[in-house]
Structure formats: structure tokens, C-alpha cells
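Let's take a walk through a few spots in this model. Have a look at the sequence and structure first.

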Number of protein chains: 2
Amino acid sequence: MDTAEFRRRGKEMVDYVADYLENIEKRQVYPDVEPGYLRSLIPEEAPEQPETYEDVVKDIERVVMPGITHWHSPYFFAYFPTANSFPAILADMLSGAIGCVGFSWAASPACTELETVMLDWLGKMLNLPEEFLAGTKGKGGGVIQGTASEATLVALLAARCRMVKRILSDDPERPEADIISKLVAYSSDQAHSSVERAGLIGGVRMRKIPSDSKFSVRGEALRKVLEEDKAAGLIPFYVSQFCATLGTTPSCAFDYITEIGPICNTEGIWMHIDAAYAGSAFICPEFRPLLDGVEFADSFNFNPHKWLLVNFDCSTMWVKNRTDIIAAFKMDPLYLKHDHQESGIHTLHTHTHTHTHSICHWQIPLGRRFRSLKIWFVFRMYGLRGLQDHIRKHVALAKEFEALVRVDERFQISAEVVLGLVCFRLKGSNDLNEALLKRINSARRIHLVPCQLSGRFVLRFAVCARTTESRHVQEAWAHITQLATELLRQFPQ
Amino acid sequence: MDTAEFRRRGKEMVDYVADYLENIEKRQVYPDVEPGYLRSLIPEEAPEQPETYEDVVKDIERVVMPGITHWHSPYFFAYFPTANSFPAILADMLSGAIGCVGFSWAASPACTELETVMLDWLGKMLNLPEEFLAGTKGKGGGVIQGTASEATLVALLAARCRMVKRILSDDPERPEADIISKLVAYSSDQAHSSVERAGLIGGVRMRKIPSDSKFSVRGEALRKVLEEDKAAGLIPFYVSQFCATLGTTPSCAFDYITEIGPICNTEGIWMHIDAAYAGSAFICPEFRPLLDGVEFADSFNFNPHKWLLVNFDCSTMWVKNRTDIIAAFKMDPLYLKHDHQESGIHTLHTHTHTHTHSICHWQIPLGRRFRSLKIWFVFRMYGLRGLQDHIRKHVALAKEFEALVRVDERFQISAEVVLGLVCFRLKGSNDLNEALLKRINSARRIHLVPCQLSGRFVLRFAVCARTTESRHVQEAWAHITQLATELLRQFPQ
């Protein structure tokens, strides 16, 4: 494909994308295919000779679309939202063309620098404490990770490294592996599976703190576990980290970081805050109090690619001390060295190391795409106001759905509705609710996923698509209640 | 931005991208900016109100482009190539619009299924042993990771998990942390820094095997270290992995996997092959012998996003036993469960689990973009022949450069030229070569990075851009020799 053909095909693709998104609600939100459907639709091997673009493009509707769960359909209420906006798509086109690999400042200075400044922009929008910003002289700063799972892992590794160093400074002869084997990290029993996985990967044992009746961890609960462990002589272990969640995946519950934070600070425990979904809401002053206590944290992460209209992948992470995180990863092969890193620039103008740091020391992968472009495009084309409007609209739609549930006596709300997620269920058995969900998802008109709260099978209704409106919510509820009525008629409780 | 505006702006962006790539060689390959250049060019905060698209787009040339290292300029010879092609850009546009998060089969069946089939296509193109393919009944299969660093880490964690299980089966009471603290993994002393980093993250100690005069690890060298360690009673450790490199980063050297493989198999050591750069070349029959011995490996990885025209990120990894890798990660929260995973389908048609496996159990992140689309577009629009032509052209250009170096008596070739990388230097001191490189990169007409081989400072000339032609190579050499002449005149050796 030469440039001339790309110009033509690219414009056709722009129209295809526009048509797809414009008409997405006419498509069935969840696909009908059975596992293995795709293999028989395409050849078993790559073609020897080039095919035409027409051949390829006609297979989008024939092969791909029948197997798509349409996350951007306004009838999609499953999981959590994943962002999609036109400015982000445009920025990603540019990023694909530039196609730089931004593992160091020299590998493409704009890639590192725009990211640093965008994370400052976003940090200010969230009213993060100054310490988390890079500015021109700060010790902290932000970085884009691929996903919250990676951020969680990076935070755990940084906490592990800090604790190992601390212990080695008292006892330099002690083998590092021995120290690591004695580390322990805590999180809520509601924390995302990726927290446990981070422990598994980092070889750090995890302990879960029981959450309260609202699925939140209180300071008291953490203190109690710490004291029990100490009293029972169970602490040959070093508590290296507490991973707090703001907006848990099952029910969007919030740990009490104003209570937990001071305990962590006193005990020298790294506090990482995972606000993957909820974090976007903190740009609205009315939701910002949910982030109070962030000043006690060592690291903070959320996903603009969930709810801030920046397409996946864009998980933003801030730390108070860049050196903590760099220490956990740093390696310096010669092929990554560059003038501005090794020259006297650092000593002459120490502030510049904010810009010349190699971002590869902040993350698991070495390479990275130019992802800050889409933050830049989205923030500028929506403005803070436009982004706040988007958050507020989703929260209002969730409240609207909640109100509908509350007036139907057959149903109950299973967790406080704080942002865009409503957890609800039929009063009755888990089997009944599982049957209802099955009917909902089999009907294919809307799509939901379940969760478990205090042993109960619960349905999650998350407002997801950028284009979801009141009528979609109303329609969804009418559909759910109709299926519930049929179900209850067949299986009276 | 509404759909109508997106149609217009999208088409403008297609033209911008086409113009950028069509005229890229007129741009200075390496930027002039100093660290911190960008911050002062843009506001300190995100705008309150939306800006217009015109405002944003005019900043591309004002703010971004002055800080770009143009990886796709035909004058870029640094690092290794990163892929860029029109079909991949088109596929990524589509992927951005669909914007699904493919962490499980149900989250978008096409995303999981196309990936599985594309990895089979690519596996066949590489003539990988049948065991690495998923097919409809295989135990193996492939997955797209973000980067080779992630693949290396995943392989290390899978090897760690397998060894821990093996030891626990003999000694079930032994604490897992104790076992992990006694694990050791080997790699070449030429291996990429990410190998050492994987060990650091996974808490597994790494030992480096000395490479030979051609920078390759031979079986004998591995055997010697193993025997020394055993004889010295130094093996309370369990050797969990050997990470072999095909095409090292400094010099594109190849470990002898036909020698190393059988040793690993006999000793129960997991052999992972990292062929990040070189792997793409194995689609050409004349280079495929470099992969002989892959049949001994447990896992194999390379980056189509380097040299196979599939834009970043696309690092393909195959394993012989999916269960090895899934065991290292598996967690099953309820919100990720879906019908086809938990229903009787598995037991009724066991072959379907190839398609219903949740890819999140294969990788560090939970979420993932629909990345197989770009493989599909690229392979079909180039055909195997087109891709082979691309590889062969780059190798021929490297040979052309090598020949130019060899006829100039002032220079020497520092490592065998096998693929698209030429390592060369002026006969003389490291300081002299460092000075030459500095002049080359300061002149900004071409861009190179160095490496260190046997203590010598060496220049790396990697053929990178899709559009590099003979004239660019000739011009680069004329430029280098001119700078060398000036340098030698000023500092006669």
C-alpha cells in the first residue's frame, strides 16, 4: 500500500469508524457466536501473495463484528467503562504515524516531556498534593502505565525495594532473598485480583484486611490485624505495603484512607492507592473529598482510559519520590545512554533531570508508545468542564437507575451508589439472581456482569458508554423488570 | 467533537500522517531541543473550556515535532527498527474505534480468537514445531504481549512456578518463599537488561554465562558453569530457567540453542528464547536455520513490532504448555467469569478451551487492546512474500554497508553481520570512537547509538526504516567517513 492508497483507504476507514460509532446502538451488544467460531471463517495460513484492501475490509463485517462485545454501545452496562472519544482516536493515529519508542528521553524527547507535563496537568485537575507533581524541581511526578495491574505491581516492587534497603542498612550481611521471603503486604478483601497477583509475582505474601458492612476498610481494621500479628509474635514479617482501593471493582466501595494513611506513615508502610475507575471522578469538586487522605500515600494510580475519555491504554500513576520507584528497576546498558543523561547537565541544572529521566525505569516494559498525545488532545478538546460534564452525566444516570430499582419492591440495592455503578438484586436466593442475569445476557439487548457481596450474587449495572442517555437506562430497566416478572411467574418465591 | 467533525478531522489527520511519512526524510532525524524544552511551550494547566481542533492541530508542528526523534526516517540507524506500515495504522484505527478490552473470551470473543489464530499463522510462517501451535486441540499456543520485557518476565514467572510445584510435590511442607529464594536463572552475558530485570522482579537470582568470541553462548559454557556450581556445592539452588537470545541487542549474536536446549531438557531447566529483533527474519527459509533448536524450548518470543511491519505494541510469545503459564497467574474473580468458561462446554468439547481461555492469565496486565487486527491487516496486505522482501532488503542494505566499511582500512567490523545490524569502529581507542559517534550525532544528519563489545566502544548501524534505500546507506557512509577524516586529521592516531 503506497501513500496515495493510504490517503484513500485511511479516509474510508475514518468513515467506517464514524459509521460504526454513530450506529452502534443498532448492533446487538453481546455477540451470538460460540467458542471457536472464528477459526473456520478464515484461512489456516497467511497468504503467500498480497491480498487487496477490499478483500481485507469486507472481512471486518464478516469475521470480526459478529464476535465483538460492543463496549461502546449505550446498552453495555458490564464491567466498568472503557474510554472512547474522537480526539483520542485522532491522537492515536498521530501516535501510530510518529511510531517512536519512548524508553528514554533521547529516544524521542517530546514523548517523555509531554507525558511529564500531562501528568502534572492531570495531577492539578485532581488537586493532588504538590509533592506528587514533577514541575521543574519536584521529587515526585507521574508516568503512564499500561494498566492499573502494572501500576499495582510497580508500587509493590518499589515498596519491596524500599523495605529491603531499610533492613539492609541495619543488617548489611543479610541475604536479600531472605528479606523478601519475610515481607507481607496488606489490602482490602475487596481489592482487585491484580493486587493479589502483584504479590504473587513479586514473591511478597499478601494478607487481606476484612472490610466493613459497606465493603470499605477502616483504619481500625488495619490496626487490629497489625496488632494481632504483632501480639501473636507473627511478625518476623515486614509489612511493606498497604494497597488501598478507592472504588472497588465489585461495588465501588472506598477504603478510609484518612484513617489508614496515618497508620501507614507511622509504621513506615508504603501506601498505594488504586482508584482505577473512581479516580476520574475526582476532577469534580463534589467528588474530590473521596480522595482526601491521598497526602499520606506514597503512590496513586487511576485509569483515564476507563472514565476520562482517553482510549486504552492510559493508566496514570504518581509517586512522591521518583527515586523510590527508579531504584526498583534501574539498569543502564550502554545502548540506552545518551548525552543528556551522562553529561554534566544534571549537575549544572539539577532540575532538568525531571525531563531526562528514562521512563523505562518506571515501568515493567522497556518500550512504550507515545500515549500522552491522546491525553493532550482529549483535555484540550473537552476542557476540564467538558470532562466534568461527562462524569456528572454518568453519575446522574446511575442515580436514575438506582431510583428505578428502589421503587420496585421486588428488588434491593446492594451497595451505596456513589458514582456510576449500581449493585442490585432481586430479593431472594442467589440462584434466582443468577437465573435473572442469565436471562438478561441471553436476551442480548443489554449486557451486565455479576459480583459477589457478602456471599450474595449481585448484578452490577455500570454506566459505560459515552453516548448512554436516560432513554437507554429507562429501556434497560423496563427490560430487566420484564424478564424478572417472567422469571418470578415461573419460579414464584 | 461530533461525528460529522470527526469525519472531517479524521480525513485531515490521514493526510497529515501521509504527508509526514512521505516527507519524513526532509526532517532532521534527531531533534535539537534541550531537556525541558516542552514545558514552557504549553500552558501550565489544562484549559477550563474546550479549545478548537485548529488550536490543537497547529501545536503538533510547534510543540511536538521539534522534540521528535524520527524513528521512521531513512536516516535513522539507531537501536533496532520499530515497525510502521499503512495497513497496521489502518487496523489500529479500527481497533481504537472498537475499543474493546479483551481480558476474557466473553469480553470480546473476536479479540481472543483472532489473536489465537494469528499466532498460529505466524507460528506456521516461522515453521515452529507443531507443539507451539494452538490449532483446535493443541496444548500450546501463542499470545501477544506488549513487549519482549514482559514476555521475558512471564517466562521467568512460569518457570519459577513450575519449579516450585516440582519441589513442593516432593516436600509439600516447605514454604514457597524459601524455595523461591533458592532459585537461580541463567542467561548470556550479552542478554538484554530486561532479562536481569525479570529476575529482579521475580526475586530469582540471575547468573550470567560467559559468551564466546562471537558473543554467543555455547552448550559447553553452560555445562561448565552448571558443573562448577554443583562441584562447589553451590547448588542448594534450583536452576529454573535459561534465557537464550537469538540476535542480541549489542551485536545481534546468536546463542547455540541446539547445544543448550538438550542440556536444559535433561536438567529440567525451562528454556526461553528471546529473539526480539531477529525473530522476524525466521520467516525467510535462508534464515530459519538460526532458529533450529527451538524444539527444545518451553517458550519463544519475538517482536513483530520491530521488524515485521506491525506497529508497536505487538510482541508475540508461544509456549508448549499453556497450563504452565496459566498456573503462574490464575485468579478467578466472579466479575470475570462467563458462561462459556464455567458451563459444561469445556467438558463436552474440550477442544474449545483453546478459544475460551482468558488471555489475562497469560500476561501481566489484565486489560488489553485488540492488537491482532494489525497482524491480520499487515500479513494479508503484504503476504508472506512481501514480508520476506522487506527482511531481505534490510539484510542486503546491511551487507552493503558492511562492504563499505570493509574496504576502508581505517575501520573494522566488530561482529559478524548476520541480519540488519552492522557493528563497526575506527581502529583505535575507545575515546576516538566515542568522539566519532558524538560528531555523527551532533551533526544530526543520521542517528546511531553505541554498544560495548569485549570492552570496546563500538558503533551500531541498524537498518531501521521501511523506506531506507541504498542511497541512504551510501550517503550515511560518505557522511561518516567525512567526519572520521576530519577527526583523524585533528587527532592523528
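Which residue stands opposite B:Arg425 in strand 9 of chain B? That's B:Gln412.

## Ground rules

This is a predicted model, where local features need pLDDT of at least 70, side-chain atom pairs count only at pLDDT 80 or more, and totals for chains, interfaces and linings use all residues. Residues are numbered from 1 along each chain as its sequence is written, chains are lettered from A and ligands numbered from 1 in the order written, and side-chain values use heavy atoms, leaving out hydrogens and water.

## Strand 9 of chain B

Strand 9 (residues 421-426) of chain B has six of its six residues buried, so the rest of the structure largely encloses it. Buried here means under 20% relative accessible area, exposed over 50%, and partly exposed in between (1.4 Å probe, protein chains only). B:Leu421, B:Cys423 and B:Arg425 are buried on one side, and B:Val422, B:Phe424 and B:Leu426 on the other.

Strand 9 of chain B pairs antiparallel with strand 8 (residues 411-413) of chain B over three bridges, and with strand 11 (residues 456-462) of chain B over four bridges. Pairing takes at least two DSSP bridges between two strands. In strand 11 of chain B, B:Arg460 sits opposite B:Cys423. Strands (E, at least two residues) and helices (H or I, at least four) are DSSP runs, numbered from the N terminus.

## Two helix residues in chain A

A:Thr152 belongs to helix 5 (residues 148-170) of chain A. At 2% relative accessibility, A:Thr152 counts as buried.

A:Glu54 is in helix 2 (residues 53-64) of chain A, and its 43% relative accessibility makes A:Glu54 partly exposed.
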